Amino acid sequence: MSACTGDEARSTAEAVARRSYGKLVAFIAARSHDLAAAEDALSEAFASALQSWPQNGCPANPEAWLLTVARRKLIDMGRRQHGSDLVDEDLEQVARAATPAEEEIPDRRLALMFACAHPAIEAGIRAPLILQTILGLDAATIASAFLMSPTAMGKRLVRAKSKIREAGIPFCIPGREELPGRLDAVLAAIYTAFSEGWSDAAGTDSSRRDLTGEAFFLARLVAEMMPGEPEAIGLLALMLHAEARRGARRSEDGEYVPLAKQDPLRWNSQMIEEAEALLVRASGFGVTGRYQLEAAVQSAHVYRCRTGRANWKAVLQIYDALFAITGSPVVAINRALALAELYDAHAGLEAMPDHSGDGRLAEYQPYWAARAELLAKAGAHEEAGQAYEVAIGLERDPAVRRFLERRRSGVLAGMR
C-alpha cells in the first residue's frame, strides 16, 4: 500500500472506474449469474475504497483490491438475503466453478455480453445494457451513440435492470446453439464501443484508445469463434477500414482532415487489404447485412480516393440497400450527401431528413455539419452559417470545431 490523500484515493477510484468497471462486473457476474447483484457489490466496493484508501493507503493493484472486496460484499448480500451462513459455502463454490457453456466462449467479457443479450430482455436495450455493464460506458455516451437523450437512456437502462431482477431473468452464459440469436446485440455493442474510441482521432485519450483496442479484440474473437456468421466478418472488415485511416485524419499540426482531403498514402494498406479479403469472404455466404454494407461503403471510398474515379452511383446503391435494412437517420444523411455528389446540392437537401420531425437529429452534430455543407453549395449562405453555428456548438473535438469554424467563416465571407 502507498500513502494517499482523500483526493488521490478518489482520483485512483475514478481512473479504475473508467478503465476497468466493465471488466470487474464481468468477473463478478460471470460466477454469481446475477448482474444487478454484481453491480451492487462493486458499487459497495468502490464506497469502501473511498473510506479505506485514505486511511490505509492506495493498493498497488486497485482492481484486484476492488474485486476481492466486491466478492466479499456479494457473499454478505447473499447472507442477508437468505439469513444463513450456509450461503458462504454456496457462493464460494460458485465463485470458483466454471460452467461448460463459458468454456465454449474464450473470453469472460464476451461471454457476459452474450448473457446480456438474453431474449427476455427488450431487443432495443440489449446493446446499451452490454455497453454499460460489461464495457463500462456511461449512460450519456451510450445515449449519444443511439441518438437519445441521456435521461431517456438512463431510464431505459434502469427499467431493464429492474426487469432482470424482478422477473428473475437468469444471467447465465448461453450455450453455443443460442449464440446466433444473440449475435446482433453483441455486434452492435462492439461497434458502438469501437466508434466511441475512434472518435478520438489523435489517440490522446487513453481510455478511448483502450476501448478501441478492446473492441478490436472482441470483434476478432467473435469472427473466429463464429466463422459462419457473415455479419461478424463484415463488422471486423468495417472496423479495419475505419481504423486504417486514423493516421490521416489529422495533419502534422493536429488539424482535422476530412476524408476527401486525406492522403491515401498515409492509410494503413495492410489493414485495408485484410478488410477487403474479409469482405470477399463474407460475400460468399450470400447473405447481406448491415455491417457488410457499411464496410462496402468504406471500400468504395478507398477505391475512389486511391484511383480518382468517381463511383458515387455505386455508393448511392449501397446506401439505398443499407437504409432499407436499418431505416437509420444516420444512413439517410450519408445517402443525401451521396446524392449531392452524384447530382447537385439541391437533390441532397431534398433527401436530407428533417430535424423538426425527428428529435434525434436536433443534437446530432454530423447532421448539422452535412446540412451546412449542402446549404453552402446551394448558395443559401445565411442558412448555412446558422447550421454551421449549431454544428460548432455540438462538437466536442477542438480540431473538428476549428475546421467547422473555418468553413463557417468562408461561407460568411462569401456573403459580403
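Reply: Axes here are lines fitted to C-alpha atoms, for helices over the stretch in contact, and angles run from 0 to 180 degrees between N-to-C directions. Note that this is a predicted model.

Me: At what angle do the axes of helix H7 and helix H9 cross?

Reply: H7 covers residues 123-133 and H9 covers residues 150-167. Their axes come within 10 Å. Angles of 65 to 115 degrees count as roughly perpendicular, and H7 is therefore roughly perpendicular to H9. The crossing angle is roughly 90°.

Me: How far apart are the end C-alpha atoms of helix H14?

Reply: H14 has 18 residues, 290-307. At 1.5 Å a residue, the helix should span 26 Å. The model agrees, with the end C-alpha atoms apart by 26 Å.

Me: Which helices are included in what covers the buried residues of H14?

Reply: The buried residues of H14 include Ala295, Gln298, Ser299 and Val302. Their cover includes helices H10, H12, H13 and H15.

Me: Which side chain makes a polar contact with the side chain of His241?

Reply: His241 is found in helix H12. His241 has a relative accessible area of 1%, so it is buried. Among the residues it touches are Ile272, Ala275, Ala295 and Ser299. At 2.8 Å, the polar partner is the side chain of Glu276.

Key: Residues numbered from 1 in each chain as written. Predicted model: local features only at pLDDT ≥ 70, side-chain atom pairs only at ≥ 80, totals over all residues. Heavy atoms only, no water. Helix = DSSP H or I, 4+ residues; strand = E, 2+ residues; numbered from the N terminus. Parallel < 35°, antiparallel > 145°, perpendicular 65-115°, else oblique. Expected span 1.5 Å × (residues − 1). Buried < 20%, exposed > 50% of the residue type's maximum accessible area, 1.4 Å probe, protein only. Contact = heavy atoms within 4.5 Å. Polar contact = N/O pair within 3.5 Å; in protein donor to acceptor, adjacent residues only side chain to side chain. Lists of a residue's contacts leave out its neighbours within four places in sequence.
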